[in-house]
Every structure is written in structure tokens, then in C-alpha cells.
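Reader: I'd like to learn how to read a model like this one, feature by feature. Can you walk me through it?

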Amino acid sequence: MEAAYKTCPNHREYVVPLIMTFAFPGAEFWCPYCNCQTGWPFGNTVEAMADEELANRRRVYKRMAEPYLIIIKLSFISRTRSFVSEWRGHGFRDAL
Ligand SMILES: [Zn+2]
């Protein structure tokens with residue numbers, strides 16, 4: 001049995017394998033071509049058989065997108081940390 005890739009449903013004429021990432025909360029798959037974000041297992045994806053061209057395309061997109069995804073992850077971590085430190089500083093107890 002051959003492997004299948006999850007591909008983006010937004011552009012069928014140019015097939016792009018989705019990249020699995022945890023950079024976007026609630027969406028484990030991301031399309032580097034159109035910025036579509038979708039989740040697992042109920043997300044909107046299209047299965048495509050993994051041939052050599054698709055494997056190469058996936059490898060190139062993954063390598064090109066890596067710095068961008070790292071920045072997105074760091075941005076999310078930074079926002080979460082500032083929220084936690086803000087919450088620790090004031091506390092919800094004072095709001096009640
Ligand atoms: Zn797409």
C-alpha cells in the first residue's frame with residue numbers, strides 16, 4: 001500500500017501537500033501556498049497518492065517554510081507568556 005499525503009482542498013489544479021505543524025492553535029495542517037489552516041481529524045483535506053513530484057514539492061515547501069513557522073511559534077509562545085505573567089500580576093481574585 002502506497003502512502004498518501006493530505007493536500008490542500010483550495011486549489012486542485014496545483015496540488016500542495018499540507019505541512020503538519022503546531023504553529024497555529026487548533027490547526028495541525030497548514031498550506032504553504034495559500035495559508036490555509038485545517039485541523040485533524042475533521043479538517044477539510046484531500047488525500048493524494050505520494051509520487052516523487054509530490055514528495056519533492058513537500059520537501060521544498062517544508063524547507064522554505066521552516067523559518068516562518070518558527071517565527072509563528074515563537075510569537076505564540078511570547079503572547080502566551082505575557083498573558084500568564086499579566087494574569088499572575090493582577091489575578092482574577094481582584095476582579096471579583
Ligand atoms: Zn492551499
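Reader: Let's start with contacts: which residues does C31 touch, leaving out those up to four places away in sequence?

Author: Two residues are in contact if their C-beta atoms, placed from the backbone, lie within 7 Å. By that rule, C31 touches C8, N10, V16, L18 and C36. This is a predicted model, where local features need pLDDT of at least 70 and side-chain atom pairs count only at pLDDT 80 or more, while totals for chains, interfaces and linings use all residues. Numbering starts from 1 along each chain, as its sequence is written.

Reader: Which residues make up the largest nonpolar core?

Author: A nonpolar core is a set of buried Ala, Val, Leu, Ile, Met, Phe, Trp, Tyr and Cys residues joined through C-beta atoms within 7 Å. Buried means that 20 or more other C-beta atoms lie within 10 Å of the residue's own; exposed means 12 or fewer, and partly exposed is in between. Here the largest core has 6 residues: C31 again, with C8, V16, L18, F29 and W30. Across the 96 residues of the protein chain, 14% count as buried.

Reader: On to the sheet. What is the order of its strands?

Author: Some background first: strands of a sheet pair through backbone hydrogen bonds, either parallel or antiparallel. Strands (E, at least two residues) and helices (H or I, at least four) are DSSP runs numbered from the N terminus, and two strands pair if DSSP finds at least two bridges between them. In this model, an open sheet of 3 strands has the order β2-β3-β4, with antiparallel pairing. β2 (19–24) and β4 (37–38) are at the edges with a single partner strand each, so one side of each has no neighbour in the sheet.

Reader: How many bridges join β2 to β3, and how many join β3 to β4?

Author: β2 and β3 are joined by 3 bridges, and M20 has F29 in β3 as its bridge partner. For β3 (residues 27–30) and β4 there are 2 bridges, with W30 opposite Q37.

Reader: What about backbone angles: what is the phi of N35?

Author: Most residues other than glycine have a negative phi, and most peptide bonds are trans. N35 has a positive phi, near 65 degrees. N35 belongs to the loop between β3 and β4, a hairpin with 6 residues between the strands. With 10 C-beta neighbours inside 10 Å, N35 counts as exposed. In the β2–β3 hairpin, which has 2 residues between its strands, G26 also takes a positive phi, about 85 degrees.
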